[in-house]
Amino acid sequence: MALGFVRPARPEDAGEIARIQLATWRVAYRRLLPRHVLADLDEGLLAQRWEAAVRRPPSEHHRVLVAVEQAEQSYLVGFAASGPVDAEALAPNEPAEALGPEVVAVTDLLVEPRWGRRGHGSRLLAASVDLWRESGFTTALAWVFEGDQASRKFLTTAGWEPDGAGRALDVDDMLVPQLRLHVALPTEPTAPTEAG
């Protein structure tokens, strides 16, 4: 069993968050997105964006959490980012009022592949759910690539279901289909499983 915990991200974590994001995308999405798009992602630019997200979140309900693996040293191994829904959460042609202020959107939930299956994803999700409940959210949603079986399985095992919405992202003239998952948030604190 992994020894680990989740905490709020700090500005000095931005570089590691960017590294984890790139490492995870380059493994998980290598068959979903064009190779050159993944190769051309700028880790430094991503780190700047993550530092800004941590230092100056758009609202008090926007959160970035990190998962830490504890061994002889501590390592950042994953992260989750979420916030109130905005236009990015909407399906094509979905009216803005379709998603109300009680809905939170997960924008990222990633665990570096070499640290997978050690409970970090479950701890990130459970900590996020507890914060969402405290903020008054009753529903959470997330867009996932249709071809990302690992993320789909992780979320559906945790009780998330497709809500019928879909879209296709245009990635360098390649349409990559996504589907939206949602879950009603529990009214009691959650306990992480060891699945993620």
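Modeller: Buried means under 20% relative accessible area, exposed over 50%, partly exposed in between (1.4 Å probe, protein chains only). This is a predicted model, so local features need pLDDT of at least 70, side-chain atom pairs need 80 or more, and totals for chains, interfaces and linings use all residues. Residues count from 1 along each chain as written, and side-chain values use heavy atoms, without hydrogens or water.

Colleague: OK. Threonine 24, buried or exposed?

Modeller: Buried, because threonine 24 has a relative accessible area of 5%. Threonine 24 is found in helix α1. Helices (H or I, at least four residues) and strands (E, at least two) are DSSP runs, numbered from the N terminus.

Colleague: What is threonine 24 in contact with?

Modeller: Contact means heavy atoms within 4.5 Å. Leaving aside neighbours within four places in sequence, threonine 24 touches Tyr29, Leu110, Val111, Glu112 and Pro113.

Colleague: Which strands does α1 lie across?

Modeller: Helix α1, residues 14-28, lies across β2 (63-70), β3 and β4. Helix α5, residues 149-157, lies across β4, β5 (139-145) and β7 (174-184).

Colleague: So what's the strand order in the sheet?

Modeller: The order is β1-β2-β3-β4-β5-β7-β6, seven strands in an open sheet with mixed pairing. The edge strands are β1 (4-8) and β6 (161-171), and each pairs on one side only. Two strands pair if DSSP finds at least two bridges between them.

Colleague: How many bridges join β3 to β4?

Modeller: Seven, and the two strands run antiparallel. Strand β3 covers residues 74-84 and strand β4 covers 103-111. Phenylalanine 79 stands opposite leucine 110 in β4.

Colleague: What about the loop between β3 and β4?

Modeller: Asparagine 93 lies in that loop. Its phi is near 65°, a positive value in a residue other than glycine. Most residues other than glycine have a negative phi.

Colleague: Is asparagine 93 buried or exposed?

Modeller: Exposed, because its relative accessibility is 84%.

Colleague: Switching to aromatics. How many pairs?

Modeller: The count comes to three aromatic pairs. Rings of Phe, Tyr and Trp (its six-membered ring) pair if centres lie within 6.5 Å; planes under 30 degrees apart are stacked, over 60 edge-to-face, the rest tilted.

Colleague: What do tyrosine 29 and phenylalanine 145 look like?

Modeller: Their ring centres are 4.9 Å apart and their planes are at 80°, so the pair is edge-to-face. Tyrosine 29 sits in the loop between α1 and α2 (35-39), phenylalanine 145 in strand β5, 116 residues apart. Both are buried. Trp25, Tyr29 and Phe145 form one aromatic cluster.

Colleague: And tryptophan 50 with phenylalanine 79, how far apart are the centres?

Modeller: 5.0 Å, with planes at 70°, so that pair is edge-to-face too. Tryptophan 50 is in helix α3 (residues 43-55) and phenylalanine 79 in strand β3, 29 residues apart. Both residues are buried.

Colleague: How many residues in the largest nonpolar core?

Modeller: 24. A nonpolar core is a set of buried Ala, Val, Leu, Ile, Met, Phe, Trp, Tyr and Cys residues joined through side-chain atoms within 4.5 Å. Those with the most contacts inside include Ile17, Tyr29, Trp50, Val66 and Phe79.

Colleague: Which element gives the most to this core?

Modeller: Helix α1, with five residues. α1, α3, β2 and β3 each supply at least two.

Colleague: Last one: what is valine 66 in contact with?

Modeller: Beyond neighbours within four places in sequence, the list includes Phe5, Ile17, Leu76, Phe79 and Leu124.

Technical notes
Axes fitted to C-alpha atoms, helices over the stretch in contact; angles between N-to-C directions.
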